[in-house]
Amino acid sequence: IQCIGVLTSGGDAPGMNAAIRAVTRTAIANGIIVKGIYRGYRGLITNEITSLETQSVSNIIQRGGTILKTARCDEFRTPEGRRQAHDVIVEHGIEALVVIGGDGSLHGARDFAQEHNFPIIGLPGTIDNDLSGTDLTIGYDTALNTIMECVDKIRDTASSHERLFFVEVMGRDAGFLALNGALATGSEAAIIPEISLEKDQLAEMIEQGFRKSKNSSIVLVAESEVTGGAMGVAERVKKEYPQFDVRVSILGHLQRGGSPSAQDRILATRMGEAAIEALLEGQRNVMVGLQNDELVLVPFAKAIKKDKPIDRHLLDVLRIVSR
Ligand code: F6P
């Protein structure tokens, strides 16, 4: 392989820049030309492509977001859009792609690779941590730390006013951020889409949260139609417990920003290097994953399967330690 393309796609995640840096520099060290594709798959269709040199990725390891920009591209979901992208790739002499992104991005990678018999290596870049075959995704740790800082602050005001707070965190349809965010902040409970919460369980949780010395509570709610989000849960609770002073806080996109944590920078760097090694070994259409601190290669079909298990025992732990 003499020339590769690298792109970031879907929701940005802290550590994507560290991944771009590692991919670029490892490729150059192996004599491979690197082309940076702007705005994810959209840039492949609209031909927004630039050469990346060693210096192009200087001073970015500590920056959140992605220097290559990102987008969610509807056209790439169609065979016609992918064909246009393929024409542009051929025009630039790109012989393989490294795609850094989440579930939607890897779906696109799988379809494109199959249709055009084209080698792609994926890197899991999403704050949601919802890709199978990897214990961690790039950006998840930073987002978790951001949630922790925010909830610590909410705790100050919640306890001063003796309020019950429902704090909504991201995750799309996955509860990793909510569950582990709750553990990290000593929250009283987590409501996650993977585990349905019967009405009386919610009641028990709230009453337990407000017993004895505890006169304020924080419940982390994962955004999702299943949970109803923090607003939905708060409305239900307000109706049944008018005596509680309920507030809602939706953390939103601030969870996606910020300088990546050491863990995310190291993960992104290891995975970026491994992506090029994998290409050189002739691997294709796999995602680099982390399992028990070892890097592994996971077929796209497995990575996007949406069957990543959440540790249900952690909900019990949360219940016990927040008493
Ligand atoms: O996948 C990352 C993520 O931040 C999800 O947690 C969230 O549901 C979604 O992206 C939000 O996407 P957008 O920034 O396009 O609104």
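Leu183 is partly exposed, with a relative accessible area of 30%. Partly exposed means between two cut-offs: buried is under 20% relative accessible area and exposed is over 50%, with a 1.4 Å probe and protein chains only. This is a predicted model, where local features need pLDDT of at least 70, side-chain atom pairs count only at pLDDT 80 or more, and totals for chains, interfaces and linings use all residues. Residues are numbered from 1 along each chain as its sequence is written, and side-chain values use heavy atoms, with hydrogens and water left out.

Stay with Leu183. Its place is in helix H6, residues 176–185. Helices here are DSSP runs of H or I with at least four residues, numbered from the N terminus. Now look along the chain to Arg319. Leu183 and Arg319 are 136 residues apart in the chain, and their C-alpha atoms are separated by 9.7 Å.

Next comes Ser322. Ser322 lies in the segment after helix H11 (313–321). Is Ser322 buried or exposed? Ser322 is buried, because its relative accessible area is 4%. The side chain of Ser322 also has a polar atom 3.2 Å from the backbone oxygen of Glu188. That is a polar contact: a pair of N or O atoms within 3.5 Å, where within protein one must be able to donate a hydrogen and the other to accept it, and residues adjacent in sequence count only if both atoms are side-chain atoms.

Move on to Cys150, in helix H5 (residues 140–161). Cys150 has 18% relative accessibility, so it counts as buried.

Now turn to the ligand. Which residues surround the ligand? They are Arg72, Ile127, Asp128, Met170, Gly171, Arg172, Glu223, His253 and Arg256. Each has a heavy atom within 4 Å of the ligand. By class, this shell holds two nonpolar, two polar and five charged residues. Asp, Glu, Lys and Arg count as charged; Ala, Val, Leu, Ile, Met, Phe, Trp, Tyr, Cys and Pro as nonpolar; the others, Gly among them, as polar.

The protein covers 75% of the 400 Å² of accessible area that the ligand has on its own, by the Shrake-Rupley method with a 1.4 Å probe.

How values were computed:
Helices (H or I, at least four residues) and strands (E, at least two) are DSSP runs, numbered from the N terminus.
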